[in-house]
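Welcome! Here is a short briefing to read with the sequence and the 3D structure side by side.

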Amino acid sequence: MNANPYQRIGLGYADHRRPDPRIAGLIDHALGSARTVVNVGAGTGSYEPYGRQVTAVEPSSVMIAQRPRGAAPVVQGYAECLPFPDRSFDAAMAILTVHHWTDVAAGLAELRRVSARQVVLTWDPVVTARFWLVAEYLPEIAAADARLAALDVVLHHLGPASVVAVPVPADCTDGFLGAYWRRPHRYLDPRVRAAISALAALEQEPVERAVRRLAADLATGGWHERHRDLLGADTLDLGYRLVTTTSRD
Ligand SMILES: C[S@@+](CC[C@H](N)C(=O)[O-])C[C@H]1O[C@@H](n2cnc3c(N)ncnc32)[C@H](O)[C@@H]1O
């Protein structure tokens, strides 16, 4: 259906993108009393809650192959065309996936069709643009972000919603773009960068230039000088937002 980058960059995802327990707690809370849950764009199974009946939907065979033994049953498919009758699930979850969908309006309409409650993890690009990696080293990320479906698009299609900030712990185990805000040296590792679609999708020449500049700033102490305030912080708001809606009957 689309040129899903995870068929290409998904290899090794499970090594660097381990679900973070604090973020998992927020997602679990947002799912409320849902007993049956469909996880759309499920990837390797991160954040699939325990103690609920979960069905996963994921297009990429590379990602499906990394689902751990004992993970929820998975259907190979796309958000835009979910193979389930109306209201099959108490809740649908879509975690850091909507921006990859070919037709976001259709995919979010499908979430509303098959579930009574929808929980979507996305981000607010206005806040993300202030993240030091973006603002000081790679403004190309903000430019690319502007073309992706993020918070405003999700809210537009889902309607009235509760929006909760998801602060990123300093030792976040899920290696998404903002995960290493207090561990800047981690961005120097090409394997870490390969597991972050926002970096893997960019032209690699400016990324490598930015990484060389970051390495130099870390070596001279310039980065630590500029970001002294971050070193004592335990969490940071980098714009990640959990959106929860309920479908009308
Ligand atoms: C960043 S990963 C997130 C995976 C998982 N939700 C997580 O939190 O680790 C994005 C996922 O969206 C999937 N994806 C891409 N296009 C999709 C589509 N049209 N419908 C459903 N999932 C899609 C990718 O294959 C990939 O597994």
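The points below cover the sheet, a pair of helices and the ligand's surroundings. This is a predicted model, in which local features need pLDDT of at least 70 and side-chain atom pairs count only at pLDDT 80 or more, while totals for chains, interfaces and linings use all residues. Residues are numbered from 1 along each chain as its sequence is written.

**The sheet**
- Helices (H or I, at least four residues) and strands (E, at least two) are DSSP runs, numbered from the N terminus.
- An open sheet is formed by 7 strands in the order β3-β2-β1-β4-β5-β9-β6, with mixed pairing.
- Because β3 (74–75) and β6 (162–165) stand at the edges with a single partner strand each, one side of each has no neighbour in the sheet.
- Two strands pair if DSSP finds at least two bridges between them.
- β6 pairs with β9 (residues 240–246) in the antiparallel sense over 4 bridges, and Val163 has Val243 in β9 as its bridge partner.

- Contact here means C-beta atoms, placed from the backbone, within 7 Å.
- Val104, Ala105 and Leu108 in α5 meet Val153, Val154, His157 and Leu158 in α9.
- By class, this contact of α5 with α9 has 6 nonpolar, 1 polar and no charged residues.
- Ala, Val, Leu, Ile, Met, Phe, Trp, Tyr, Cys and Pro count as nonpolar, Asp, Glu, Lys and Arg as charged, and the others, Gly among them, as polar.

**Around the ligand**
- Tyr6, Gly41, Gly43, Ser46 and Thr97 come nearest of the 24 residues around the ligand (C-beta atom, placed from the backbone, within 6 Å of it).
- This shell divides into 11 nonpolar, 10 polar and 3 charged residues.

Key: Contact = placed C-beta atoms within 7 Å.
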